[in-house]
Amino acid sequence: GARDTRPACRRSIVAAHHGRHHRRLTAAMPNPKGIFVVIELTGVLAADIASVQRKHDPRLAALWPPHVTLIGSSGAGPILADTPIEDLRAALGGVAARTEPLSLRFEAPLRFADRDLVVLPIEPHGAIRKLYEDLKGSGVRTHQARYPFTPHCTLTMYPPLARERERRLLAMRFEHPLVIDRLFVYLTRDPQPAKRLLELPLGPG
């Protein structure tokens, strides 16, 4: 058969959303509320993506700043909401202190199969994979995730995705680097905006 030449992150996102098994699993597992570990975007990159979100998905823009989720979405589900802040700081802060800052880039936008969801994927291997694995293995208790680890920034997820809007979103490119020099820990409070619990700089400080 033909060789799949898509980057690994694009294959993993699409594969995670195809197949009857995954569709049944998704239907049976509503996304639990809890604590998320995210990378907040900064500078021109954050401003550009926030502008797109406000235009195409105001509800998403009101709930979260532009970000990439490390713990809480794919790979590992949210941390249990009753986890004490002191435990979060000890476990996650230790990982952050051992991790040097990173600079990555977003790939071309991608629509999740069978969903009104357009994201900017990141290659899920290398340094960001190690950071995710270290956070997951830090001892915090998490819910089960729906999908394999597929780091990304969401451009739109709530409104129905008409074909012309999808075409415009998929044509966008964001060339500025994603600089990761700190992690943020949030408690979700839908339908209210997420509440920031911790800010954890990367590196020994």
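Predicted model: local features only at pLDDT ≥ 70, side-chain atom pairs only at ≥ 80, totals over all residues.
As for solvent, lysine 130 is exposed at 52% relative accessible area, while aspartate 134 is partly exposed at 27%.

## Salt bridges between strands

In general, side chains of opposite charge can pair when their charged atoms come close. This structure holds 11 salt bridges. One of them brings arginine 196 together with glutamate 40, at 2.9 Å from N to O. Arginine 196 belongs to strand β9 (residues 192-201) and glutamate 40 to strand β1 (residues 35-40), so this pair ties together parts that are 156 residues apart in sequence. Is glutamate 40 buried or exposed? Glutamate 40 counts as buried, because its relative accessibility is 12% and the cut-off for buried is under 20%.

Glutamate 199 forms a salt bridge with arginine 182, and here the closest N and O atoms lie 2.7 Å apart. Since glutamate 199 lies in β9 and arginine 182 in β8 (residues 182-189), the pair ties together parts 17 residues apart in sequence. Both partners are partly exposed: glutamate 199 has a relative accessible area of 38%, and arginine 182 has 27%. Through shared partners, salt bridges join Glu40, Asp181, Arg182, Arg196 and Glu199 into one network.

## A three-stranded sheet

Now for a sheet. Three strands make up an open sheet in the order β4-β5-β6, and their pairing is antiparallel. Why do β4 and β6 each have a side without a neighbour in the sheet? Strands β4 (110-111) and β6 (152-156) stand at the edges with a single partner strand each, so one side of each is left without a neighbour there.

Strand β5, made of residues 118-121, runs antiparallel to β6 and is joined to β6 by four bridges. If you want a spot to look at, valine 119 stands opposite threonine 154 in β6. Helix α3 (residues 43-56) packs on this sheet and touches both β5 and β6. The direction of α3 makes about 40° with that of β6.

Notes: Residues numbered from 1 in each chain as written. Heavy atoms only, no water. Pairing = 2+ DSSP bridges. Helix = DSSP H or I, 4+ residues; strand = E, 2+ residues; numbered from the N terminus. Contact = heavy atoms within 4.5 Å. Axes fitted to C-alpha atoms, helices over the stretch in contact; angles between N-to-C directions. Salt bridge = Lys/Arg side-chain N within 4 Å of Asp/Glu carboxyl O. Buried < 20%, exposed > 50% of the residue type's maximum accessible area, 1.4 Å probe, protein only.
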